[in-house]
Amino acid sequence: MTDCKIPAENLLPGVEGLKGPLSCLNQARYGIGWGAIGAAMACYDTALRYAKERKQFDNKPIASHQLVQEKLVWMITEITKAQFLALQVGRLKDLGRVHPSHISMLKMNNVWMALETARSARAILGANGIVDDYPVMRHMNNLESVSTYEGTHDIHKLIIGERITGIPAYF
Ligand SMILES: Cc1cc2nc3c(=O)[nH]c(=O)nc-3n(C[C@H](O)[C@H](O)[C@H](O)COP(=O)(O)OP(=O)(O)OC[C@H]3O[C@@H](n4cnc5c(N)ncnc54)[C@H](O)[C@@H]3O)c2cc1C
């Protein structure tokens, strides 16, 4: 970007300072909050079906084991909580009452939730979890990137931290 020149007519219209670009980030981060739920649901659905079909020892499906059920229950509970968070932030947005820290909480939580869901789903699939016959590893790799772009997980923590304490802790 050194010495990169942008023509004046390419400026965002009607915008002063960083407000315009930051409002674009709010839209993108809000969309990511919903998109992460979709990735998590694909991983959950894959893991649930696999756990019911895959039989090990005494011809029992692995879904009959308590520790496998615990993972599936965690996933569906966190997905449901993430849906409610996204819905509530959407309602605040519609009412014009959304604050960037609400969107930070949505992006931070839902991407983290989706990544943890993908990791648990990967574990349930065993070695099959790393092959591309199933979508889990693809979602997991993608979510690792999503966790960094549009504000890293930790930077969103700092945005929320500033909102609740009034003290910026970025430096
Ligand atoms: C797949 C992908 C697509 C991308 N697409 C775009 C795009 O389209 N447009 C665009 O502009 N950018 C894009 N990015 C860049 C992305 O926004 C940045 O990578 C991200 O903001 C982190 O910046 P960085 O990589 O320089 O890491 P750094 O800023 O060096 O951060 C590295 C680590 O240090 C932590 N850290 C940094 N500062 C602090 C602090 N003050 N306090 C505590 N911890 C801190 C971060 O949380 C992170 O964990 C993309 C990145 C990826 C991976």
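## A tour of salt bridges and a ligand shell

Begin by selecting E116, R119 and E144, which are joined in a network of salt bridges (a salt bridge being a side-chain nitrogen of Lys or Arg within 4 Å of a carboxyl oxygen of Asp or Glu). The model on screen is predicted, so local features need pLDDT of at least 70 and side-chain atom pairs count only at pLDDT 80 or more, while totals for chains, interfaces and linings use all residues. Residues are numbered from 1 along each chain as its sequence is written, and side-chain values use heavy atoms, with hydrogens and water left out.

Stay on R119 and display its pairing with E116, a salt bridge of 2.8 Å from N to O. These two residues sit three apart in helix α3 (residues 100-124), and are therefore separated by about one helical turn; helices here are DSSP runs of H or I with at least four residues, numbered from the N terminus. Now turn to the other partner, E144, whose closest N and O atoms with R119 are 2.6 Å apart in a salt bridge. Because R119 lies in helix α3 and E144 in helix α4, this pair ties together parts that are 25 residues apart in sequence. Colouring by accessibility shows R119 as partly exposed at 35%, E116 as partly exposed at 26% and E144 as partly exposed at 37%, where buried means under 20% relative accessible area, exposed over 50%, and partly exposed in between (1.4 Å probe, protein chains only).

Next, select R49 and D45, whose side chains meet in a salt bridge at 2.5 Å, N to O. They are four residues apart in helix α1 (residues 19-53), which means that about one helical turn separates them. D45 is partly exposed, with 32% relative accessibility. In total, the structure holds six salt bridges.

Finally, select the ligand together with the residues around it, namely S145, T148, Y149, T152, D154, I155, L158 and Y170 (a residue is near a molecule if one of its heavy atoms lies within 4 Å of it). Zoom in on T152, where a polar side-chain atom lies 2.6 Å from an oxygen atom of the ligand, and then on Y170, where a polar backbone atom is 2.4 Å from a nitrogen atom of the ligand. Taken alone, the ligand exposes 970 Å², of which the protein buries 31% (accessible areas come from the Shrake-Rupley method with a 1.4 Å probe). Helices α4 (136-148) and α5 (153-165) are the elements that give two or more residues to this shell, and α5 supplies the largest share, three residues.

Terms used:
Polar contact = N/O pair within 3.5 Å; in protein donor to acceptor, adjacent residues only side chain to side chain.
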